[in-house]
Amino acid sequence: MYNFRRWLAGVMYGRYGMDEMNRVLMYIALGCVILGIFVARRWLNLIVLTLLAIIYFRMFSRNIYKRQQELAWFLNMKSRFTSRRSPKGKIYKNKGKAGGYTTSGNDGKRILICPYCKDKLRVPVGAGKIKIKCPHCGKQFEEVV
C-alpha cells in the first residue's frame, strides 16, 4: 500500500489535482449517470463522458496558473447565485460608538470591533440594540445593529 501511495504522489507531483470546480462537475456527472438509469438517452452518456474528460484534464494539468484562473471564474459565477449581496457590492460603514463595518457579501452578519481590545466580532444584522460581551476581553458594550 505504501508503494502505491508513493507512486501516486510521484504521478501527481506538479499537477493541479482536485478543486471545488472539479467536485461540482463530478456531482453533475453523477446526477447524469443516475438520470441515465431511469431515462436511457445517448446524449446523457455523451455529457457524462465530456464532464469526466474535463475533470481528468483539469486534475492532471501542469498549467496550474490557468486552472486557478478557471477556478476563480467559477467561484465568481457561483457567488452570483449563492450569496445575498447588496446592489453593486457596496461596503457599508458603521458609525456607532464601537466602530466596525458590514460587507455586503457577508451572510447576514455585521462585523463589529470591540472598543476595548479591538477584536473583531460577528453579530446578526437587524437585531436592533444589543448588548455584546466580547469573548476576548470579557467587557460588555451596546451597539445598534
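Glutamate 142 is partly exposed, with a relative accessible area of 29% (buried means under 20%, exposed over 50% and partly exposed in between, with a 1.4 Å probe and protein chains only). The model is predicted, so local features need pLDDT of at least 70 and side-chain atom pairs count only at pLDDT 80 or more, while totals for chains, interfaces and linings use all residues. Residues are numbered from 1 along each chain as its sequence is written, and side-chain values use heavy atoms, with hydrogens and water left out.

Five salt bridges are counted, each a side-chain nitrogen of Lys or Arg within 4 Å of a carboxyl oxygen of Asp or Glu. Glutamate 142 pairs in this way with lysine 129, the closest N and O atoms being 3.3 Å apart. Lysine 129 is in strand S5 (residues 129-133) and glutamate 142 in strand S6 (residues 140-144), so the bridge ties together parts 13 residues apart in sequence. Helices (H or I, at least four residues) and strands (E, at least two) are DSSP runs, numbered from the N terminus. Lysine 129 is exposed, at 61%.

Arginine 58 forms a salt bridge with aspartate 19, with the closest N and O atoms 3.0 Å apart. Arginine 58 belongs to helix H3 and aspartate 19 to the loop between helix H1 (2-12) and helix H2 (20-38), so this bridge ties together parts 39 residues apart in sequence. Both residues are buried. Arginine 58 also forms a salt bridge with glutamate 70, at 2.8 Å between the closest N and O atoms. Asp19, Arg58, Arg67 and Glu70 are linked in a network of salt bridges.
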